[in-house]
Number of protein chains: 2
Amino acid sequence: MSDLAERVLRGEPRAAARALRQVDDRAPGYLDLLKEVFPHTGRAYVVGVTGNPGAGKSTLVDRLIEGFRKEGATVGVIAVDPTSPYSGGAILGDRIRMQRHATDPNVFIRSVATRGHLGGLSRSTRDMVRLLDAWASAGEGKGVVLVETVGVGQDELEVTRTAHTTLVVMAPGMGDEVQALKAGIMETADVFCVNKADKDGADGCVRDIELVIALGKETMVKMGKGRGHVVHGEAAGLGGAAADGANWSPPVVKCVATRGEGIAPLLEALAKHRAWVEASVEGRARRRARLAEEVRESLREALIDAAVHDLREELDAAVAEVDARAVDPYTATERLVMRFRAQP
Amino acid sequence: MSDLAERVLRGEPRAAARALRQVDDRAPGYLDLLKEVFPHTGRAYVVGVTGNPGAGKSTLVDRLIEGFRKEGATVGVIAVDPTSPYSGGAILGDRIRMQRHATDPNVFIRSVATRGHLGGLSRSTRDMVRLLDAWASAGEGKGVVLVETVGVGQDELEVTRTAHTTLVVMAPGMGDEVQALKAGIMETADVFCVNKADKDGADGCVRDIELVIALGKETMVKMGKGRGHVVHGEAAGLGGAAADGANWSPPVVKCVATRGEGIAPLLEALAKHRAWVEASVEGRARRRARLAEEVRESLREALIDAAVHDLREELDAAVAEVDARAVDPYTATERLVMRFRAQP
């Protein structure tokens with residue numbers, strides 16, 4: 001095993017930082033590192049935190065860090081901004097947060113930005129979550145990994161699919177509830193938090209979300225072909241899918257993160273969902289389905305990489321032919337697949 | 001050639017409607033249809049129209065339809081909403097618009113929603129654009145295809161990459177300018193329209209956009225790894241890349257679509273960009289690069305489909321092994337690629 005992997009597994013924050021950078025940059029050797037670390041993953045509790053800017057996610061995440069630390073856990077945080085064109089560097093807010101926890105070797109926070117490729121962000125986030133999983137669970141320790149996203153677009157939801165639990169943070173009066181259904185949050189949300197619950201409209205916000213959850217149950221049955229369903233093969237085990245004992249219905253928890261109110265019940269809701277995911281047949285089926293997705297996604301990327309490697313000239317020739325309309329792109333693709341498949 | 005393809009190529013609107021449905025649903029025979037139609041594509045002028053909800057895109061598109069019709073063109077419109085969980089059906093606004101043009105056999109409007117898969121939306125949109133391209137260019141006619149998207153997320157921008165020209169519509173006072181840089185619009189925009197130019201702040205909006213364009217030129221040079229760049233291999237030929245004679249710098253046109261003001265200059269700006277794309281070395285290089293992207297995307301999908309077909313059992317076994325942490329997902333993927341590559 002490499003020195004770096006060993007140090008990550010011993011829980012050294014600086015090793016985690018270096019390993020994350022290596023994975024984020026896909027620097028030489030990053031795959032070996034991931035392979036070495038993988039057998040030691042799967043022990044940390046991974047929570048995805050998503051919600052519109054302004055909902056108070058960062059403050060809430062800070063409170064969650066505090067809460068998990070009190071329980072004795074080591075906490076890793078990855079803050080993802082898929083819309084940022086800048087990569088690598090920590091954002092200002094992130095630096096401030098890092099300073100606050102700078103003296104605590106059991107908290108590690110890192111920002112990541114876009115990787116600029118369909119599926120690439122969720123892949124590299126997943127890899128980074130694995131690293132932090134291994135780091136946070138070092139020794140006999142309890143580990144927690146929080147994945148915070150900037151917005152609630154499709155990319156962000158993909159990112160939270162790596163988590164055991166997806167926590168959706170909302171705030172009163174932002175019109176988030178309507179957006180929620182649109183962006184496909186209902187298929188992904190496991191726990192809702194209405195933050196800034198001391199503001200006007202908080203109870204209305206809770207009611208709206210509960211209504212949307214109830215509607216979601218009906219709509220999903222009717223639709224049968226929503227984004228999260230057909231593609232990910234998850235008709236069962238979804239948060240809002242049904243209210244019977246076997247399935248999970250997302251609770252809505254009110255918080256005032258700035259004052260630390262409601263954090264205990266929120267942690268409780270998260271723990272309950274974690275138990276459900278880990279213990280119930282449906283929860284385990286969901287995790288298995290997500291793993292299947294991952295392998296498939298990873299296979300998809302590996303196949304195209306291998307094909308581009310093997311068939312560079314044929315690919316260029318095909319594009320030229322399609323450009324000249326000598327062949328259609330569908331036939332050209334079929335021929336390329338045949339060529340690749342036949343490769344010894 | 002199939003009867004349906006022939007009728008599309010004769011410019012029959014009902015045939016276009018049926019063909020689009022077949023492609024949208026990926027119904028049996030849709031690929032043959034696309035293959036038959038392909039040699040007759042590439043003649044229509046394809047414009048992507050994007051911008052935040054509330055910028056007045058639909059009204060503007062209506063004006064553009066009018067303008068292109070006056071020039072004697074046949075106009076096909078595809079309105080794409082990647083965030084909608086409902087697919088197939090026309091939205092209310094769309095029906096209203098369709099009614100307005102119902103008596104005109106040279107205008108065809110169709111709504112499409114999500115296909116629920118990464119890359120899937122841009123693929124099926126591209127296929128539908130091809131069909132409308134062939135339909136709109138029937139006989140000796142001039143053809144125009146407008147692709148209108150609901151928002152300005154990454155999915156939407158992917159969709160507009162099928163176009164010759166991407167028109168970004170903004171309105172004063174919406175704070176769009178700042179969003180623009182974030183969402184990667186600058187890499188994609190060829191022409192900007194500031195709609196509702198009779199409102200306060202229109203000139204400020206124009207200035208902001210021009211500033212962002214100027215900044216964009218600098219930033220792009222510095223970044224070198226923005227979303228649109230590394231991935232799509234398009235350092236040259238981008239809208240905002242440089243201001244010298246060879247490259248295109250996006251003009252900003254003020255309009256009041258509700259009153260039809262500024263439409264003529266906008267059409268002129270579009271025509272100018274079309275000429276640039278078709279005549280300049282850089283424009284042609286960009287088109288070639290986008291075609292290369294398409295073939296590659298199409299190959300990526302075809303490869304994973306073929307691999308899932310060939311290796312269904314191996315894939316399931318791999319997932320089970322990864323789940324048991326008997327093997328890591330990276331090694332499992334490599335083995336699957338080797339198996340597929342070796343397939344006779």
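Of the 344 residues of chain A, 58% count as buried, where buried means under 20% relative accessible area, exposed over 50%, and partly exposed in between (1.4 Å probe, protein chains only). Keep in mind that this is a predicted model, where local features need pLDDT of at least 70 and side-chain atom pairs count only at pLDDT 80 or more, while totals for chains, interfaces and linings use all residues. For bookkeeping, residues are numbered from 1 along each chain as its sequence is written, chains are lettered from A and ligands numbered from 1 in the order in which they are written, and side-chain values use heavy atoms, with hydrogens and water left out.

Chain A exposes about 14000 Å², and carbon and sulfur atoms supply 53% of that; the accessible areas come from the Shrake-Rupley method with a 1.4 Å probe, and for residues, only the protein chains shown count as cover. As for contacts (heavy atoms within 4.5 Å), take those in chain A with a separation of 6 or more: 75% of them come from residues 24 or more positions apart.

## Helices of chain A

Chain A has 15 helices and seven strands. These are DSSP runs numbered from the N terminus: helices are H or I with at least four residues, strands are E with at least two.

Which residues of α12(A) are buried? They are Ile263(A), Leu266(A), Leu267(A), Ala269(A), Leu270(A), His273(A), Trp276(A) and Val277(A). An α-helix has 3.6 residues a turn, so residues three or four places apart point the same way. The buried residues of α12(A) pack against several elements of chain A, including β1 (45-50), β5 (165-170) and α13 (281-310).

Over in helix α2 of chain A (residues 13-24) sits Gln22(A), which counts as buried at 17% relative accessibility. Leaving out residues up to four places away in sequence, Gln22(A) touches Leu4(A), Ala27(A), Pro28(A), Gly29(A), Tyr30(A) and Leu33(A).

## The sheet of chain B

Now to chain B, where seven strands make an open sheet with parallel pairing, in the order β3-β2-β4-β1-β5-β6-β7. The edge strands are β3 (107-112) and β7 (252-254) of chain B, each pairing on one side only. From one strand to the next, the twist averages 20°, with axes taken as lines fitted to C-alpha atoms (for helices over the stretch in contact) and angles running from 0 to 180 degrees between N-to-C directions. Two strands count as paired if DSSP finds at least two bridges between them.

Strand β1 of chain B (residues 45-50) pairs with strand β4 of chain B (residues 143-149) in the parallel sense over five bridges, and the bridge partner of Tyr45(B) in β4(B) is Val144(B). β1(B) also pairs with β5(B), again parallel, over four bridges; there, Gly48(B) has Thr166(B) as its bridge partner. Four bridges also join β5(B) to the parallel strand β6 of chain B (residues 191-194), with Met170(B) standing opposite Val194(B).

How well covered is β5(B)? Six of its six residues (165-170) are buried. Thr165(B), Leu167(B) and Val169(B) lie on one side, with Thr166(B), Val168(B) and Met170(B) on the other.

## Aromatic pairs

Rings of Phe, Tyr and Trp (its six-membered ring) pair if their centres lie within 6.5 Å; planes under 30 degrees apart count as stacked, over 60 as edge-to-face and the rest as tilted. By this rule there are seven aromatic pairs over all chains. One of them is the tilted pair of Phe108(B) and Trp135(B), at 5.7 Å centre to centre and 55° between the planes. Phe108(B) lies in strand β3 and Trp135(B) in helix α6 (residues 120-136) of chain B, so the pair ties together parts that are 27 residues apart in sequence. Phe108(B) is buried at 8% relative accessible area, and Trp135(B) is buried at 1%.

Trp248(B) and Trp276(B) form another tilted pair, at 5.9 Å and 40°. Trp248(B) is buried at 8%, and Trp276(B) at 10%.
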